[in-house]
Structure formats: structure tokens, C-alpha cells
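Visitor: I would like to learn how to read this model. Please take me through it step by step.

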Amino acid sequence: MDFAALMSAQIAKAKKPATAASTSTTPVPPNKDSTTTTTTSKYLKRADVERQRQEAYEAEQAALEEARLAKVAKKRKHEDEEAERNRVREEKRRRLAEESKKLRQEDEEAEERARRKRLGLPELPPKKTNGEGDDTPDAEGHEAQQDIDEDTLLQNLRDLDEPARLFGETHTTRLRRYRRILARNKKAAAEAAIVMTNGPIPTTLVPVPGAEMKVPESLPKDAAGMNFLYRQLASYFTMVLTEWQAALSRRDDSVKSTSAGKQAYNAMVQARSNMVPLFRKLEKGDLEKGILEPVVEIVRYCQERRYVDANDAYLRLSIGKAAWPIGVTMVGIHERSAREKLHESDKNSAHIMSDETTRKFLQSIKRCLSFAQTRWPPYDQLQLMG
């Protein structure tokens, strides 16, 4: 046997099992024509594997969503039940409070009736029904004592250009409406009676004559003296602002149109606007004592033409005398003696930094001080500020 025949025999023997395994279906028996039998393959397609994974993921997500919805529904149900319990509890509390209030009122009325009976006073008037609760007079019957005849009341309302009758209105409610109208008209008349001055800053403080404008050295102790002091301060600042405005108006047009002239006019307008809160505080009499005393000192020095002293008083008011934390205040574990001055009382602290409004009108006072020394020069040249 040659080599070629041997190789052909071996190749034929190797091809026989592969050919037998290549068939994947079995023939159908002759007695079973309605069903087919196929052999199960041990390999799966990639598409089938992906489809199975997608179905498992969707089933898992659906289960999670269902669990979440169930949890949300359970939580909402619990909140609704809690809200209902709170509502029932509040309703019960309100009902108990109303009942206790009613019982307390009945006890008080019984005590009042017994007291009136014991003292020989007239009986309490009967309580009104619903819709007439506003007609109940007070405990002493003042409203009944101040009653007005119906015809007179109607005529008075017509004289006031008010409707004589309103729908569902009783005599008592009509009388109360008439009294409210009178009170409102009286308040309006009182407000209209307040005369505002026509100065640079309109105010209700009556100006004082020039001879009485000199402020005292110390604050008055009585209310009348304080009111007069407020009038003196308002009159002085009104005089300074008026003179300032007049001095600017007397300038030539060539000076007014320059940049410096416009800046001077804007400074005057700004100072006048910033001093409005000071005038309002003087009208109400609620200017703080820590600010009022230095302001009175500044005005007194200005009236005496001692502008250097007035400037010193302004610096004490604006900057204060409190210690400033300059340098090292603590070395190691030992505290320096200068540190104690940082925690002194507020009497030496600066008020100009308290709020923006206070800072602005104090700055306006300084501008009035600067103008006053040019309008009324000092007697001593050493009192002239630089």
C-alpha cells in the first residue's frame, strides 16, 4: 500500500463522524404527523441573550416602581390620617375653648348681676341677638347716657354730607358711625391746624426770634425747656441754610456756571436734604441725648464764633474718645493694660457710625459750621478753622 492510499483512508475515516453530527433534526415517525421534535442547540444567539437581559431589567424596574408607588401611597395615607387627627384635635380644642369662654362669661355676668343687686345698681341690659352685636353698650351704660334723638342724628349726618341711613343699620350703629365721622374730622382738623414753616426745610417747630436763639450751656430739665431748645436748634440751622442759599444765589452767573460753582451748590442742596431727619427728630423730641448734647455744644460755640472749639466738639462727636486697637494688645498669656480701654462704656464711642442717617446729618452740621465761619467771621483769628 502506497502512501497516497493510506492518507485517503485516514481522511475518509475522519469525515464520517462530522457528517453524522451535522444533521440536527430527526425524522418524524410515521404514526406522529401532528408534532415535530427538534433537538435543543447548546448555543444561543447574541440577540436572544440581549432580549432576555432587557426583559429581566424591565421586570426589575417595574417591581421597583411598583414598590415606590406603594411606599408613596402609604406615606400620603399616613399624612392624610395625621392631618385629619390634627384637624379633629384642633376642632376639639377650639370647641372646648369656646365652651370654657362661654362658661366664664356666664359666671362673670352672674357675679356682676349679684354685685349690682347687692349695691342697688340697675340690672345689666339684655344681650343682643346675632346681627346686633355691635349695639351692645358698655358695662356702665355710657352709650345709653350719650344717646342722640333719631331725627337729630339723621339731620347731623346729612349736614356732614354722609348717608343718613345704611342698609341693616340700627340706631346704635348709626350713632357709632356718626361719632367715628366726628372723630375723623376732628383729627383732620388738628392735622390741618399744624402750620409748616416756609424755610429751606419745612418744619412744625415755631421759629424763635434772633435774640432768643442763644442755646444754653446745659440741657434743660423740664419738658417745656427741651421743647424751646428744639425750637432754638431748628431756628439756628434754618438761619444758616437760608444765608447759605442766599449767598450762593448772589454769585455771578459766570461763577455759577463753573465746575466749582456747581459743586458748591450741590453741597448746599445735599446738606439741606441730609438735615431733614434731624428736623424730624427735633419735631418728635426723640433725639438721643448722646447726640443732642454735642450738637448743642457745637451750636453754642458757633453762636459765640468760636469755630475751632466747635470743630473740636464735632470731632469728639464723630470720632469719639474710645481707645483704638493699635498695635499688639496681648503678648503671650499676659494681657496689656491698654486692652482694658477697648471695653469701656459707650459714652466715649462715636455716634456718627451708628447708622447712615445719623452720619449724613452730622456731616451736614459740619458743612454748616464751615459756612458759618465765612458768613460770620470770628472775633479772634485763632478761632478760624483751617
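Guide: Start with the order of elements. From the N terminus on, the protein chain runs α-α-α-α-α-α-α-α-α-α-α-β-β-α. Helices (H or I, at least four residues) and strands (E, at least two) are DSSP runs, numbered from the N terminus. The protein chain has twelve helices and two strands.

Visitor: What ground rules apply?

Guide: This is a predicted model, in which local features need pLDDT of at least 70 and side-chain atom pairs count only at pLDDT 80 or more, while totals for chains, interfaces and linings use all residues. Residues are numbered from 1 along each chain as its sequence is written, and side-chain values use heavy atoms, with hydrogens and water left out.

Visitor: Where in the protein chain is confidence lowest, and where is it highest?

Guide: Read pLDDT, the predictor's confidence in each residue, from 0 to 100. The protein chain averages 79, and 76% of the residues score at least 70. Confidence is lowest in helix H3 (residues 142-145), at a mean of 42. It is highest in helix H8 (residues 259-274), at 92.

Visitor: Which residues stay under 50 in pLDDT?

Guide: Residues 32-38 do, and the model has two contacts for them beyond four places in sequence. Contact means heavy atoms within 4.5 Å. Residues 129-145 also stay under 50, with 21 contacts beyond four places in sequence.

Visitor: How do I read contacts across the protein chain?

Guide: Look at sequence separation. Among contacts with a separation of 6 or more, 59% are between residues 24 or more positions apart.

Visitor: How much of the protein chain counts as buried?

Guide: Buried means under 20% relative accessible area, exposed over 50%, partly exposed in between (1.4 Å probe, protein chains only). Of the 386 residues of the protein chain, 22% count as buried.

Visitor: Which residues touch the most other members of the largest nonpolar core?

Guide: A nonpolar core is a set of buried Ala, Val, Leu, Ile, Met, Phe, Trp, Tyr and Cys residues joined through side-chain atoms within 4.5 Å. The largest has 46 residues, and Phe237, Met275 and Ile365 touch the most other members. Two or more residues come from each of helix H6 (223-249), H8, helix H9 (276-284), helix H10 (289-303), helix H11 (307-318) and helix H12 (356-375). H6 gives the most, with eleven residues. Leaving out residues up to four places away in sequence, isoleucine 365 touches Phe237, Met275, Leu278, Val295 and Ile298. A second, separate core of five residues includes Leu157, Leu175, Tyr178 and Ile181.

Visitor: Is glutamine 232 buried or exposed?

Guide: Glutamine 232 counts as buried, because its relative accessibility is 4%. Its place is in helix H6. Beyond residues up to four places away in sequence, glutamine 232 touches Val208, Glu212, Met213, Lys214, Val215 and Pro216.

Visitor: How many disulfides are there?

Guide: A disulfide is a covalent bond between the sulfur atoms of two cysteines. The cut-off here is a pair of cysteine sulfur atoms within 2.5 Å. By this rule the count is zero. Cysteine 302 is in no disulfide, and the nearest cysteine sulfur, that of cysteine 368, is 8.9 Å away. Cysteine 302 is buried, with a relative accessible area of 7%. Cysteine 368 is buried as well, at 3%.

Visitor: Which residues does UniProt give for the PRP4-like domain?

Guide: UniProt positions are in the numbering used here, feature names are shortened, and annotations may be inferred rather than shown by experiment. The unreviewed UniProt entry places "domain: Pre-mRNA processing factor 4 (PRP4)-like" at residues 156-180. Over residues 156-180 the chain is 56% helix and 0% strand, with the end C-alpha atoms 13 Å apart.
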